[in-house]
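Please read the briefing below beside the sequence and the coordinates. It is arranged by topic, and the terms are defined where they come up.

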Amino acid sequence: MSVIRPITEQDLDALILMAHESGVGFTSLPDNPELLSHKLERAVASFRGELPADDAHYMFVIQETVDGPPVGVCGIEARIGQNDVFYNYRLGAVIQASKALSVYRRTPTLFLSNDLTGATEIGSLFLRAPARRNRNGSILSKCRLLFLAAFPELFSQRVIAEMRGYSDEQGQSPFWDGLGRRFFNIEFGDADFLTGSGDKVFIAELMPKFPIYVPMLPVSAQEAIGVVHPNTEPALAMLLSEGFRRNGYVDIFDAGPTIECELDRINGVQRSMVVTVDIIENAHTADCPETPPRWLFSNDRFSDFRVIGSADAQCDGTRITLRREQANMLLVESGDTVRIMALKPEETKNDQSTSD
Amino acid sequence: MWQVRPLGSEDLAAVESLLQTTTLRLSTLPDNRDKLAQSIDAAQQGFAGKDTLATLLFGLQDGDGRLQGICGIQPYAGADEPFYSYRIDELVHASRHLGINQRQTVLYLSHELTGLTSLCSFVLGSALKKTPLFHLLSRSRLLYMAAHRYAFADELICEIQGIWDDNGQSQFWKHVGELFFGMDFITADRQCALHGKTVIAELLPPYPIYNTLLPEEVQEVIARHHPATQRTIDWLQAEGMHKTRFVDPFDAGPTYRGKLEQMASMQAIQMFNSINIQESATEHSSQWLLSQGEGADFVCMMLTGYLQDGVFHCAESTMLNHGTPGLLLALEVAE
């Protein structure tokens, strides 16, 4: 059964490997050991509480077994744009109207903005290909919702996720080719690396500051606005099911959409609940490896945060019975509290209907 | 004898047929009889001093009294409304950190030229353009301004037609204005004639345009003049006007600008006290532009003669009044 924990210094090699595998378009994991090392240090310091809460960046890793290697990573940026400038395009409109001329024209327009500064961002999710099974992707993504639910005071009510924008099989982004590239002639992959490398601000500062009239872009670029990369569609669908919605902002490089939800209104936060632990020793392992997890359990610890998946939940609404193995993974004993959450919003309904 | 004089309502039909022969776009001379009649009426109000904002329209008439050309002066560009241009400017997108430094050309919508005096509405057949009649028609306006200096701004502008294709379409319009109007250049041009240029310009995109986002062939036509306007450009430059960073918001044709007092012709205009018509030319004779009269009575013609002690001695029999004063401009100035 998979377990998720805060990243530690020992995970650097695994992180480097995953960054290398993640490829172009994955700005939060630049394929650069030095930069990753900085990122890792910051995350470790965040979990130690050594950084101001607003500067924290929490990174989590998933392992398929208790002592297995990390096979995936995800993160939460407490407040974006605190130490640098966070840029987005807001997709708005310019209306030109004249009664005398019978003209009424709505021109979609991209406005450069820093509007999302201060929001909490969930991102940096990457799962190695062999580990893309047993709902590990869902578990990894949704562990962040449990962390948000457990420590809402550390985060903004405004929670966003930037979805990777469309690029073709060759890694070419039509939006980049139609806009960014006209302003400095580098390949999307290079621009992307620079952005992930912490140079995003520098690149952003080279981008046009005045609004961009969408019809002035090549049709291929226009069509890419707000469109996610095919590989990101499942992630988008999942976050939409958790209550996230498109908020009209897109990435300045690949025009991938930003989605947003108020922390308290995130479905996973709402459907999670805190219950007290009972432990049964010597229980048979009910989960065979093929049984997909339908529940997530997390402890209530900050530095030693843990999340595990579980095929079932023996819970009466106030107490939960965990097997010893599960309790060990969660670092809890009888009488401690854990937070539980159905993995998918619809499974909560099913469970409720069956338990009624 | 050829002469330039204010247009009157009796010229309406002749103006209309003359406009049929030109391919130039003239928003001050709409291709619409009622609007044209209104423009001529307004001009007459202007000549009469009753409307200081009206565009003044002049006609070039041949010896048989036929209208062969038109020119105009808009005393205050935009009149009582904003006058729209795009200003070509540069922004440097630079990053010390990334070692990148790129100039970006940007078009800003501008009202800066509002209120300057605009030379406009120039219509002359291509055959006549090559003759000295070009100067009679173009420069008659300077003589008018010299005689009515108070009615004009200190600076002149002249908007030059931009590049159009053989179908009368402007690539610049197609990639800028049309995106916001949904109408092609010819239709927009017609709307300009009907509603005035400002009404249309107000619908132009309010934010700056990055040239780099325009197709290359469009970038290339910005601030380029139509070949048919070459004669006018040569003249404006000889007069001392210079090409500005301002372009027309419709076809991106260039705008020329200069101080009225510094125009070569303005500096060369002389007053004479009296005209003396004599039978034959002398060795002192040369070609002159001569104007007399104010407002609606203004007339300008090209004559051979010489100036001596404030008296203009003219070889030709003219309809000018013997013994009356006027303004003179030697034709070789700014040739």
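This is a predicted model: local features need pLDDT of at least 70, side-chain atom pairs count only at pLDDT 80 or more; totals for chains, interfaces and linings use all residues.

Residues are numbered from 1 along each chain as its sequence is written, and chains are lettered from A and ligands numbered from 1 in the order in which they are written.

**Chain A overall**

- The secondary structure of chain A comes to eleven helices and 16 strands, where helices (H or I, at least four residues) and strands (E, at least two) are DSSP runs numbered from the N terminus.
- Of the 356 residues in chain A, 45% are buried; a residue is called buried if 20 or more other C-beta atoms lie within 10 Å of its own, exposed if 12 or fewer, and partly exposed in between, with C-beta atoms placed from the backbone.
- Among contacts in chain A between residues at least 6 apart in sequence, 73% join residues at least 24 apart, two residues being in contact if their C-beta atoms, placed from the backbone, lie within 7 Å.

**Helices α1 and α2 of chain A**

- The axes of helix α1 (residues 12-22) and helix α2 (residues 33-47) of chain A come within 10 Å and cross at roughly 125 degrees; axes are lines fitted to C-alpha atoms, for helices over the stretch in contact, and angles run from 0 to 180 degrees between N-to-C directions.
- That angle makes α1(A) oblique to α2(A), since angles under 35 degrees count as roughly parallel, over 145 as roughly antiparallel, 65 to 115 as roughly perpendicular and the rest as oblique.
- The crossing of α1(A) and α2(A) is right-handed; a crossing has this hand if the near helix is turned clockwise from the far one by less than a right angle, and is left-handed if anticlockwise.
- On the α1(A) side A:Leu12, A:Leu15, A:Ile16 and A:Ala19 take part, and they meet A:Pro33, A:Leu36, A:Ser37 and A:Leu40 in α2(A).
- By class, the residues of this contact of α1(A) with α2(A) are seven nonpolar, one polar and no charged, where Ala, Val, Leu, Ile, Met, Phe, Trp, Tyr, Cys and Pro count as nonpolar, Asp, Glu, Lys and Arg as charged, and the others, Gly among them, as polar.
- A:Glu34 also lies in helix α2 of chain A and is exposed, because 9 other C-beta atoms are within 10 Å.

**Loop residues of chain A with positive phi**

- Most residues other than glycine have a negative phi.
- A:Arg135, which is not a glycine, has a positive phi of about 60 degrees; A:Arg135 lies in the loop between β6 (120-127) and α3 (136-150) of chain A, and counts as partly exposed because it has 18 C-beta neighbours inside 10 Å.
- A:Leu331 likewise has a positive phi, near 60 degrees; A:Leu331 is found in the loop between α10 (324-330) and β16 (337-342) of chain A, and its 13 C-beta neighbours inside 10 Å make it partly exposed.

**Domains of chain B**

- Chain B is divided into domain 1 (3-86 + 109-265) and domain 2 (268-330), with bounds that come from an automatic or database domain assignment.
- The C-alpha centres of domain 1 and domain 2 of chain B lie 30 Å apart, and their contact takes 18 residues from domain 1 and 15 residues from domain 2.
- On the domain 1 side of chain B, the largest share, seven residues, comes from α4(B), and the residues of that side divide into eleven nonpolar, five polar and two charged.

**Helix α7 of chain B and the contact of the chains**

- The buried residues of α7(B) are B:Phe185, B:Ala188, B:Asp189, B:Gln191, B:Cys192 and B:Ala193, and what covers them includes α2 (33-47), α5 (171-175), α6 and α8 (197-201) of chain B.
- After α7(B) comes B:Gly196, whose phi is positive, near 95 degrees.
- The contact between the chains takes 22 residues from chain B and 22 residues from chain A.
- On the side of chain B that touches chain A, β4 (85-95), β5 (100-110), α6 (177-181) and α7 (185-195) each supply at least two residues, and that side has 13 nonpolar, nine polar and no charged residues.
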